[in-house]
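Work through the following exercises with the sequence and the coordinates open beside you.

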Protein chains: 2
Amino acid sequence: MVLRLDHGDPDFADRFAAFLTTKREVSADVDADVRAIIDAVRQRGDDALHDFTLRFDGLDTRAAGLSVAAADIEAAYEALDPDLRAALHFAHDRIASHHRRQLPGNDRYQDALGVDLGTRWTAVEAVGLYVPGGTASYPSSVLMNAVPARVAGVERIVMVVPARQGELNPVVLAAAKIAGIDEIYRVGGAQAVAALAYGTQTIAPVSKIVGPGNAWVAAAKRQVFGTVGIDMIAGPSEVLVMADGDNDPDWIAADLLAQAEHDAGAQSILMTPDRDFAEAVAAAVERQLAMLPRAETARRSWLDFGAIILVPDWPTAIPLVNRIAAEHLEIATADPEQWVDHIRNAGAIFLGRHTPEVIGDYVGGSNHVLPTARSARFSSGLSVLDYMKRTSILKLGPEQLRQLAPAAIALAEAEGLKAHARSVAIRLNLEDRE
Amino acid sequence: MVLRLDHGDPDFADRFAAFLTTKREVSADVDADVRAIIDAVRQRGDDALHDFTLRFDGLDTRAAGLSVAAADIEAAYEALDPDLRAALHFAHDRIASHHRRQLPGNDRYQDALGVDLGTRWTAVEAVGLYVPGGTASYPSSVLMNAVPARVAGVERIVMVVPARQGELNPVVLAAAKIAGIDEIYRVGGAQAVAALAYGTQTIAPVSKIVGPGNAWVAAAKRQVFGTVGIDMIAGPSEVLVMADGDNDPDWIAADLLAQAEHDAGAQSILMTPDRDFAEAVAAAVERQLAMLPRAETARRSWLDFGAIILVPDWPTAIPLVNRIAAEHLEIATADPEQWVDHIRNAGAIFLGRHTPEVIGDYVGGSNHVLPTARSARFSSGLSVLDYMKRTSILKLGPEQLRQLAPAAIALAEAEGLKAHARSVAIRLNLEDRE
């Protein structure tokens, strides 16, 4: 049976606190293996990539080549079912249009003292996008990671994707083409991350690596962090649905299961003030599970990590919602807008009975790469800003320097940094030249 | 002798590439020790803090208390030299004024299909600020870390600072007061980071931890990352000075030494087209070194990691400047503005002969927490955005859902996510109910 928590129970506070700290993933300790792979790629370059790809993916890239030919990308795109191709374009355009609004503005101004200050944004020059192989190879993720980079102005976007036995997902290649990616390598795992970070004869290094991956990829990203930038390391996905009794239990059950089918570690939470509705949803979940091809995964997720939380009313629920800090939050209540401003911690909010979270996975326009595992308390979903960096600009004339100097010198002296003080004082003939 | 690289030398490309990969710090492997400390704090809370503080800092917090009393903060502020107090206020006000311009705007709009999309920024609720003890205890860093948090709207800012033998730097306490911090604990090291991340009886947990620290603090921040957010782990500081022959060699030498006195791992680089000027600066560095109380540190930094790079002209230099991607870049040339737009990678740019980098350390108004070790290629200095997070908002009515549904269902089916497809289809009676 799925976990049930009732705000009215005397031990609710403790049970809720324990629920919040449930660990939903065990990551294999592959640090040593990954370190050896990275070292090999740094030392032997392409040669190491060929060896690892033969060993792990059963593909001879010495024969097949590391690079995916433009003609192969084009062919995958052309061979796609036209409806699916149109869906990819539709999603791409909506994502691009939304993300263009995130482009930050530069700022340059003079303050009251005549000091010239500025903030200037520039794009990261080159980004590597990791795309997993097999069933986790999602074309939607290609769009979600690549489009904001393109919008930011990143000139070079490189995709790496493992081709087990030489197989590549044609929908992923088509998504890459639509996103404007023409540099793709059939290499995966820690070896691909190492190649992106340090470069090989064939793959020029990038400045930042993004995209989801398995334990090896995650460990490799952590290890190369510093040499390059990385995005967040995402955990299993989660949804919290605030739903009143006026919803169709089947709709809400479908939303909970959409999350649960991702991964046995995914988490689906229903929060409702209506006990009968809660039980109707639980029953609908059971009914719908029977129809799902990924029923086993979804059932494990639901039984191991799912929850139904009964609340007396929404004002009481809001602080709980903020503590859960869900990656995805659906508010399926009458007048959902009234709660939005009270939600402080959530990756994305889906408002109303006709906004299933799945829309945001594909075609809403907002990004589906969102903070998991309660990290919405301190971090944000992927955006154009993740592919840009800020440079601050400062410019003083002699008069401004004279006005700022005394405070700067006083602070430098207080910190025992004599050379700091001198660097200011010497320009005003204030220093002891001895 | 300091390293000299000449763009005209036949082996310049290789030597420059090698120079870029110079490692300037060796971090002690303290992961296991840190893990034990964190575990102890999680298990024993305040008791563990008392034990570690007695052992590492020689302070009995069971007697003295963990919390610094408001009266002690006030007394430190009142006892401060009035000029220094004024300098702190001056710096605070300039930093606050500049950072207020960084506050991001929310966005809410309807697109052409009537889909309601939004981006909303909220402040992190509680932030922990680590302040090192001893000589690295910089009041300016308190302001640089705390002011953007305050401007962002963070309600609770907690400072932790080790008090070796009970001693606290009164200037740090005064800076805290000016920044509006009234919750301060005399605890440091990995134990302080653990307390901030997990909470103890006395210290309520925060959502994000910022501020510089030694190897133990850095390792602890890495280990608690995920449970809380962290800022970047800063490496030794660095400056790159582009200077033509019309500068006073003494001014430029002073700037190079201001950086070098920070740490033996700091790096000061002069880039110039003028060989005679380069040698005059080198000679001035030697002369000024003799006057510095921290001469030994500065000399080690200069000889181990400093460099003079001769370039034929500025257009040739710009790509090198972008590859170095310095934390601090001074452009001390005639008409420095003409180069700004060509600089892609730099934490902060200081323009003209009267803008020594030191002004930015204290009173320029921009932040002095900046990306080191070439990470300006992919990351930015500390800003108000580091204390905020974005939530995306999506809202569809039945008509919008009908329009987005076909593409969402097509993509979900292509990804093999049947429950995703169902969650959309069920709302439009499109699904097979079997």
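**Exercise 1.** Determine how the span of helix α11 of chain A compares with the expected span.

*Solution.* The model is a predicted one. Helix α11 of chain A covers residues 249-260, which gives it 12 residues. The expected span is 1.5 Å times one less than the number of residues, and for this helix the expected value is 16 Å. From its first C-alpha to its last, α11 of chain A reaches 16 Å, close to that expectation.

**Exercise 2.** Decide whether α11(A) is mostly covered or mostly uncovered, and identify the residue that caps its N-terminal end.

*Solution.* Taking buried to mean under 20% relative accessible area, one finds that 11 of the 12 residues of α11(A) are buried, and the helix is thus mostly covered. Among the buried residues are W251(A), I252(A), L256(A) and L257(A), and the list also includes D250(A), D255(A) and Q259(A). At the N-terminal end the cap is D248(A), with a side-chain oxygen 2.8 Å from the backbone nitrogen of D250(A).

**Exercise 3.** State how chain A is divided into domains, and how far apart the C-alpha centres of domains 2 and 3 lie.

*Solution.* The domain assignment of chain A gives domain 1 as 31-230, domain 2 as 235-378 and domain 3 as 396-428. The C-alpha centres of domain 2 and domain 3 of chain A are 56 Å apart.

Terms used. Residues numbered from 1 in each chain as written. Chains lettered and ligands numbered in written order. Predicted model: local features only at pLDDT ≥ 70, side-chain atom pairs only at ≥ 80, totals over all residues. Heavy atoms only, no water. Domains from an automatic or database assignment. Helix = DSSP H or I, 4+ residues; strand = E, 2+ residues; numbered from the N terminus. Buried < 20%, exposed > 50% of the residue type's maximum accessible area, 1.4 Å probe, protein only. Polar contact = N/O pair within 3.5 Å; in protein donor to acceptor, adjacent residues only side chain to side chain.
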